[in-house]
Amino acid sequence: MAEDAVLSVRNLTVDYLTESGAVRAVDAVDLELHAGGFLGIVGESGSGKSTLLFAIAQLLNPPAEIVSGEVHFNGRDLVTLGESQLRHLRWREFSVVMQSAMNALNPVRSLGAQMRDACEEHGKISAQEIRKRSSEVLRMVGIDPVHLRSYPHQLSGGMRQRAMIAMALLFEPQLVIMDEPTSSLDVVAQRSLMIQIKRLQERLGFAVVFVTHDMSLVGGVGDELAVMYGGKIVELGPTQRIFSKPLHPYTAGLLEAFPSIQAVRRRLTGIPGSPPDLRLRIAGCRFADRCPDAGNECTRVDPPEEQIDGRLVRCIRVAERASRAG
Amino acid sequence: MPADEDLLRAESVTKHFGVGPPWSRRRLHAVDDVSLSIGAGRIVALVGESGSGKSTVVRLFAMLARPTAGEIYFEGRPLSKVRRRPAQLAYRRKVRIVFQDPFSVSNPAYRISHSLLRTARLHRPDVRPANRRAEIERVLDEVGLSPASEIIDRFPFELSGGQRQRVGFAEALLSRPRLILADEPVSMLDVSIRIGLLNLMADLRDREGVSVLYVTHDIASAWYLADTVAVMYAGKLVEYGPAERVLRAPRHPYTQLLLSAVPDPRVVLTLTEEDVGEPPRVIDPDEGCRFRWRCPYAQDRCAEATPALGPIEVGHHVACFVAPEMAPAPSSVPTEAL
Ligand SMILES: Nc1ncnc2c1ncn2[C@@H]1O[C@H](COP(=O)(O)OP(=O)(O)OP(=O)(O)O)[C@@H](O)[C@H]1O
Ligand SMILES: Nc1ncnc2c1ncn2[C@@H]1O[C@H](COP(=O)(O)OP(=O)(O)OP(=O)(O)O)[C@@H](O)[C@H]1O
Ligand SMILES: [Mg+2]
Ligand SMILES: [Mg+2]
């Protein structure tokens with residue numbers, strides 16, 4: 001593990017045990033994030049992003065099971081910690097913004113009450129201080145503190161999401177894990193929130209793991225980008241480099257599948273085909289049947305991780321493609 | 001389009017909520033004086049920033065809430081007169097909602113057939129009980145869920161987010177609605193699934209003549225899909241007109257800002273210090289344009305009176321004092337693409 005790594009994930013594998021077999025949602029994932037860094041994780045729906053985050057934060061419930069792997073946070077392996085030790089770390093040292101803010105917020109408690117609950121669980125803070133801090137974090141995400149008295153159903157979808165982000169920042173943790181935190185926001189708000197997160201990060205020094213299906217969001221802020229497909233990381237490296245020259249065909253597909261306001265109105269198709277069935281253990285590359293660039297050998301050989309052009313790529317034809325792209 | 005061809009028409013619709021401590025009497029203006037119409041077989045995109053009142057409009061149109069003031073007409077009849085249970089049921093059959101969060105669309109404890117059968121029972125008296133399953137499978141097929149006979153017996157967690165959202169559309173379609181109110185139906189979904197659902201909405205319009213109110217914060221998808229675009233800011237409708245005009249030659253400064261911020265994944269976003277805007281004041285707002293705090297063109301008169309929505313060219317309406325005096329925006333959009 002690198003000297004300054006705040007988070008280091010090694011060989012992490014997660015299964016959902018279902019009646020029709022084990023769904024391997026996260027498959028031998030390795031990741032590293034240095035203190036204050038920003039790691040983006042992108043991938044299609046069902047590629048395992050949320051499962052990976054839940055496994056990192058030790059929030060998985062049955063039928064999910066960590067089959068193998070380690071999650072080192074500040075030198076401790078979270079996988080081996082008990083629930084009471086974890087509760088002590090959550091919010092204070094690392095916090096999680098969940099994908100569905102509606103499910104994560106308590107529908108019968110006001111925002112202010114939920115923030116108070118979180119504060120009180122972590123030691124003695126005066127009521128006045130809690131109120132001050134709560135107002136401060138709400139303002140940070142663009143919500144009028146008058147809404148401390150509001151219940152979740154009285155907030156718009158985007159306001160609920162921003163309230164979740166505010167709660168995650170209550171304690172100035174060292175690591176903030178965010179699962180699609182801006183999917184309900186318009187572009188202007190998304191941008192200003194990204195700027196806020198980036199600024200807070202610079203000021204407070206926390207690291208961020210940021211899951212999104214919207215690649216354009218992490219393009220400007222992410223240091224590192226991980227592209228996930230079928231439970232595996234298929235491309236990992238510096239964000240700018242991946243944007244300017246995607247090496248995995250799936251990454252290239254993700255970058256091209258966007259409807260653009262610049263373009264003529266014409267019918268788009270996205271990446272053809274559908275995501276792999278994660279119950280099956282197949283021999284070759286999981287993307288092969290959708291890959292525009294697949295050859296015969298792709299369905300036979302499970303692509304190993306290759307180090308190329310400053311990143312890691314799982315594709316047996318990557319060297320060929322890299323040289324072709326120049 | 002003449003008013004009598006409108007499927008749904010809102011006239012000066014307003015919705016206020018009480019906020020803060022009960023004694024404070026503060027009022028949050030979620031929707032203020034909104035007038036717009038949805039033609040038969042048309043897709044209207046409703047765009048605007050978070051908290052601008054889009055979902056509240058949807059709830060009002062769906063009769064899940066009553067307006068504080070104003071009236072909504074459906075097929076020419078005022079909704080305030082739809083009070084008896086059978087009439088409400090008939091309205092719920094013709095106007096269906098698809099919600100944003102595919103993770104909460106269906107109850108996780110039941111197979112998806114459960115809620116679909118209930119909808120069929122409630123809204124399709126014409127289908128005999130023995131034929132309900134076949135009808136549901138037909139609709140699942142129509143929204144691209146195949147094999148329908150197998151999908152129908154799945155649990156929600158056995159479906160992907162995009163598939164779950166399609167189930168939401170299937171449930172809406174099952175009652176053969178005239179209007180679908182789709183509240184950010186694709187925002188939680190990734191691009192390739194998103195495109196499939198956008199195409200589905202276009203097909204419903206083209207093949208079945210269904211109208212759609214498509215609520216979104218994703219301008220690019222509004223451009224891809226909509227005939228008409230309505231832009232909301234802080235509870236007010238600020239711009240309204242044909243998609244080609246509103247998105248290609250936006251006249252309201254807020255629409256212009258929105259368009260200038262549209263991300264293009266191929267262009268790396270550079271972050272600047274600009275525009276970490278204050279949230280607009282919607283709690284007991286003063287007189288005046290609500291965008292003036294962020295508007296680069298604001299003048300004294302913008303604080304003195306509230307601009308009303310008015311025509312700036314045929315069919316294209318803007319609520320701004322300054323816009324009529326300015327040339328159409330140097331839109332970020334290249335015109336040769338037209
Ligand atoms: N409780 C469960 N039982 C069985 N399979 C599950 C369960 N929860 C998730 N899965 C499966 O695990 C895989 C990964 O799901 P996950 O929610 O991590 O994806 P994701 O990348 O977060 O997708 P999205 O972008 O839609 O949120 C999917 O194939 C999903 O169907
Ligand atoms: N039941 C309610 N009680 C009080 N205030 C409400 C209620 N419902 C909505 N509001 C307020 O009305 C305003 C508009 O909310 P609405 O949900 O319509 O916004 P929206 O445009 O859909 O936003 P988003 O894009 O974030 O979903 C918000 O300020 C919200 O707090
Ligand atoms: Mg997820
Ligand atoms: Mg909404």
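Gly112(A) is buried, with a relative accessible area of 11% (buried means under 20% relative accessible area, exposed over 50% and partly exposed in between, with a 1.4 Å probe and protein chains only). It belongs to helix H4 of chain A, residues 111-120 (helices, H or I with at least four residues, and strands, E with at least two, are DSSP runs numbered from the N terminus). Arg149(A) sits 37 residues from Gly112(A) in sequence, and the two C-alpha atoms are 6.0 Å apart in space.

A word on the ground rules: this is a predicted model, where local features need pLDDT of at least 70, side-chain atom pairs count only at pLDDT 80 or more, and totals for chains, interfaces and linings use all residues. Residues are numbered from 1 along each chain as its sequence is written, chains are lettered from A and ligands numbered from 1 in the order in which they are written, and side-chain values use heavy atoms, with hydrogens and water left out.

**Chain A as a whole**

- Chain A has 11 helices and 12 strands.
- Its radius of gyration is 20 Å, close to the 20 Å that the globule rule gives for 326 residues, so chain A is as compact as a globular protein of that length (the radius is taken over C-alpha atoms, and the rule is 2.2 Å times the number of residues to the power 0.38).
- Of the 326 residues in chain A, 59% count as buried.
- Among contacts in chain A with a separation of 6 or more, 63% come from residues 24 or more positions apart (contact means heavy atoms within 4.5 Å).
- The accessible surface of chain A is about 13,400 Å², with 49% of it belonging to carbon and sulfur atoms (areas come from the Shrake-Rupley method with a 1.4 Å probe, and for residues only the protein chains shown count as cover).

**Asp15(A) and its surroundings**

- Asp15(A) lies in strand E1 of chain A, residues 5-18, and counts as buried at 7% relative accessibility.
- The side chains of Asp15(A) and Arg24(A) make a polar contact of 2.9 Å (a pair of N or O atoms within 3.5 Å; within protein, one must be able to donate a hydrogen and the other to accept it, and residues adjacent in sequence count only if both atoms are side-chain atoms).
- Setting aside neighbours within four places in sequence, Asp15(A) touches several residues, including Ala22(A), Arg24(A), Pro63(A) and Val67(A).

**The loop between H1 and E4 of chain A**

- Pro63(A), one of those Asp15(A) contacts, is in the loop between helix H1 (49-57) and strand E4 (64-73).
- A cis peptide bond links Pro62(A) to Pro63(A), with omega about 10°.
- Gln58(A) is in the loop between H1 and E4 too, and has a positive phi of about 60° although it isn't a glycine.
- With a relative accessible area of 15%, Gln58(A) is buried.

**Strand E2 of chain B**

- Val31(B) is in strand E2 of chain B, residues 26-39, and at 1% relative accessibility it counts as buried.
- Beyond neighbours within four places in sequence, Val31(B) has contacts that include Val13(B), His16(B), Val57(B) and Met232(B).
- Ala243(B) is 212 residues away from Val31(B) along the chain, and their C-alpha atoms are separated by 22 Å.
- Asp33(B) is also found in strand E2, where it counts as partly exposed at 43% relative accessibility.
- Although not a glycine, Asp33(B) has a positive phi of about 60°.
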